[in-house]
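Open the model in your viewer and keep the selection tool at hand. The tour goes stop by stop, starting from a single side chain.

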Amino acid sequence: MKIDLSSRPFFLDAEGQAWVRKTLESMTLEEKIGQLFCLILRSEENWKEKADNILKIAPGGLMLRPLERNTAWEAVTYLQEKSEIPLLVAANLERGGSGIIKEGTEFASNMEVAATRDVRYAENQAMICAREASAVGANWAFAPVIDVDLNFRNPITNTRTYGSNPAIVAKMGKAYV
């Protein structure tokens, strides 16, 4: 099966497509399996040792829990330089840069944003998340959370959603994106 890498969501030019095909053809089964993993870096303590262990698996992605800004930047830079294939670097970014760096902006929760009924707040929320996360090398956001909150007792989604009204969830999610 041949996938069209020139269109959505990839938009690769001929050179980028050739790199993907050449890289994929040269990978061992073990390397391909490693690409399926997204490991977590959650502490500044011994980050370089943890990064070296991450590199042994050669994952496709890395999720950062809030780290000090300098540690996040150093760790992402180090891992990207040492990785043969560029990593997807993710974080929970629905509330601001605080989802990836401890010094990041803490924005209102999605439910608080939705309560305003003003999409400008969702747009501002997205801008803050994007700027602060990209400053430390993140290129993958676990946001916006567009679950419809059908169970207010759910401890996972709860205020991370834009609420229980599907139209409002869609409107705010679209503005965030």
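**Stop 1: a glutamine.** Select glutamine 125. Leaving out residues up to four places away in sequence, glutamine 125 touches Glu94, Phe107, Ala108, Ser109, Asn110, Val113, Tyr162 and Tyr176; contact means heavy atoms within 4.5 Å. Glutamine 125 sits in helix α6 (residues 119–134). Helices are DSSP runs of H or I with at least four residues, strands are runs of E with at least two, and both are numbered from the N terminus. Is glutamine 125 buried or exposed? Its relative accessibility is 0%, so glutamine 125 counts as buried. Buried means under 20% relative accessible area, exposed over 50%, and partly exposed in between, with a 1.4 Å probe and protein chains only.

A word on the model. It is predicted: local features need pLDDT of at least 70 and side-chain atom pairs pLDDT 80 or more, while totals for chains, interfaces and linings use all residues. Residues are numbered from 1 along each chain as its sequence is written, and side-chain values use heavy atoms, without hydrogens or water.

**Stop 2: the whole chain.** Zoom out. The protein has seven helices and four strands. From the N terminus, the elements run α-α-β-α-β-α-β-α-α-β-α. Of the 177 residues, 39% are buried.

**Stop 3: the sheet.** Show the strands as cartoon. Four strands form an open sheet in the order β1-β2-β3-β4, with parallel pairing. The edge strands, β1 (38–41) and β4 (140–141), each pair on one side only. Two strands pair if DSSP finds at least two bridges between them. Four bridges join β1 to β2; leucine 39 has leucine 62 in β2 as its bridge partner. Two bridges join β3 (residues 88–91) to β4. There, alanine 91 is partnered with alanine 141 in β4.

**Stop 4: the pockets.** A pocket is an open set of points on a 1 Å grid over the protein atoms alone, where a 1.4 Å probe fits, with protein on both sides within 12 Å along at least five of seven lines; lining residues have an atom within 4 Å of a point. The largest pocket holds about 660 Å³ of space. Of its 22 lining residues, Trp19, Val20, Leu24, Gln35 and Ile85 are closest to its centre. Helix α1 (residues 14–26) gives the most to this lining, with five residues.

Next, the second largest pocket, with about 270 Å³ of space. It has 13 lining residues; the closest to its centre are Glu31, Ala58, Ser83, Glu84 and Ile85. Volumes are the space filled by probe spheres set on the points, which are joined across faces, edges and corners.

Stop 5: Most residues other than glycine have a negative phi, and most peptide bonds are trans. Select alanine 58, in the loop between α3 and β2. Phi of alanine 58 is positive, near 55°. Then go to alanine 143 and proline 144: a cis peptide bond joins them, with omega about -5°. Finish at arginine 8 and proline 9, where the peptide bond is also cis.
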